[in-house]
Amino acid sequence: MTRVLVVDDNEENLSYLQTLLTAHAHSTELARHGAEALVRARQTPPDLVIADLLMPVMDGYTLLRHWKADPLLQKIPFIVYTATYTEVEDEQLALDLGADAFILKPAEPAALLAIVRAVQGNAGALVPKLAKASDGETAALMKSYSGILVRKLEEKALQLEAANRALHADIAAREETDSRLRLLNASVLQSSESIMITDAELDEPGPRIVFVNPAFTTLTGYESGDVIGKTPRILQGPLTSRAELRRLRSNLERGAVFEGET
């Protein structure tokens with residue numbers, strides 16, 4: 001059974017890969033960032049590692065660089081699985097650092113498993129790139145890495161700025177809505193017209209009263225606590241027109257305004 005070390009700071013991603021790999025005869029070990037992955041791998045080297053790139057403490061690029069420079073780990077296949085670093089130069093840097101495959105999230109399960117099998121099958125022929133890289137080549141890789149990090153930080157800054165603007169706009173809209181609701185509430189409470197609000201249920205046992213204003217109490221004698229939760233039928237008397245009630249119900253069902261006297 002192949003032992004796969006899965007490295008990702010997202011619990012859902014860890015759970016997904018663990019479930020997928022376990023269902024296809026792989027055992028898994030989980031790590032939440034690169035530093036944890038190195039400790040686990042050096043204690044018990046896995047047969048394969050699948051790692052995200054954007055992680056706290058130690059990112060995937062740094063993990064990959066240490067992995068391929070470590071005599072104990074450098075020939076163990078390393079698959080990058082990322083949803084954040086998606087540009088061509090991101091992939092090229094990972095491959096230049098020694099990644100054996102570069103997969104973008106979310107990958108179809110069958111495609112991901114096929115790459116895992118292909119990388120496993122080629123494991124015996126792996127040649128560590130960093131172990132034989134010249135000082136100039138290493139410096140170039142680090143310059144590329146720094147450039148990618150700067151670009152990603154700039155992208156994150158722009159995303160945060162846009163999110164901040166959207167948040168401020170949402171707060172302003174909510175404040176305006178709250179202000180209008182307060183005005184509406186004050187108007188309803190102070191209105192000299194009797195106002196009763198019910199829920200929208202028309203079937204038996206019928207709508208329930210959810211609000212009445214003070215003018216309702218003045219007109220009917222019913223306090224709010226007497227009627228909340230009851231149906232408007234409590235206002236009907238022996239002379240209430242059944243025809244008018246049917247017309248009222250018909251208008252309500254059609255979403256139309258009703259004007260009448262009962």
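Colleague: Quick one: what does Val49 stand opposite in strand 4?
Modeller: Phe78. Helices (H or I, at least four residues) and strands (E, at least two) are DSSP runs numbered from the N terminus. Keep in mind that this is a predicted model: local features need pLDDT of at least 70 and side-chain atom pairs count only at pLDDT 80 or more, while totals for chains, interfaces and linings use all residues. Residues are numbered from 1 along each chain as its sequence is written, and side-chain values use heavy atoms, with hydrogens and water left out.

Colleague: And what's the bridge partner of Leu5 in strand 3?
Modeller: Val49 again. Strand 1 and strand 3 share 4 bridges in the parallel sense, and strand 3 is joined to strand 4 by 3 bridges, also parallel. Two strands pair here if DSSP finds at least two bridges between them.

Colleague: What's the strand order in the whole sheet?
Modeller: 2-1-3-4-5, an open sheet of 5 strands with parallel pairing. Strand 2 (26-31) and strand 5 (101-104) are the edges, each pairing on one side only. From one strand to the next, the twist averages 20°; axes are lines fitted to C-alpha atoms, for helices over the stretch in contact, and angles run from 0 to 180 degrees between N-to-C directions.

Colleague: Which strands does helix 2 touch?
Modeller: Strand 1 and strand 2, as helix 2 packs on the sheet; its direction makes about 130° with that of strand 2. Those two strands are joined by 6 bridges, with Val7 opposite Ala31.

Colleague: Back to strand 3. Are its faces covered or open?
Modeller: Both are covered: Leu48 and Ile50 are buried on one side, Val49 and Ala51 on the other. Buried means under 20% relative accessible area, with exposed over 50% and partly exposed in between (1.4 Å probe, protein chains only).

Colleague: Which residues touch the most other members in the largest nonpolar core?
Modeller: Leu5, Val7, Leu63, Trp67 and Phe78, out of 25 residues. A core here is a set of buried Ala, Val, Leu, Ile, Met, Phe, Trp, Tyr and Cys residues joined through side-chain atoms within 4.5 Å. Helix 3 gives the most to this core, with 4 residues.

Colleague: What is Leu63 in contact with, beyond its neighbours within four places in sequence?
Modeller: Val7, Gly34, Ala37, Leu38, Ala51, Met58 and Phe78, where contact means heavy atoms within 4.5 Å. Apart from that core lies another, of 18 residues, including Leu21 and Tyr81.
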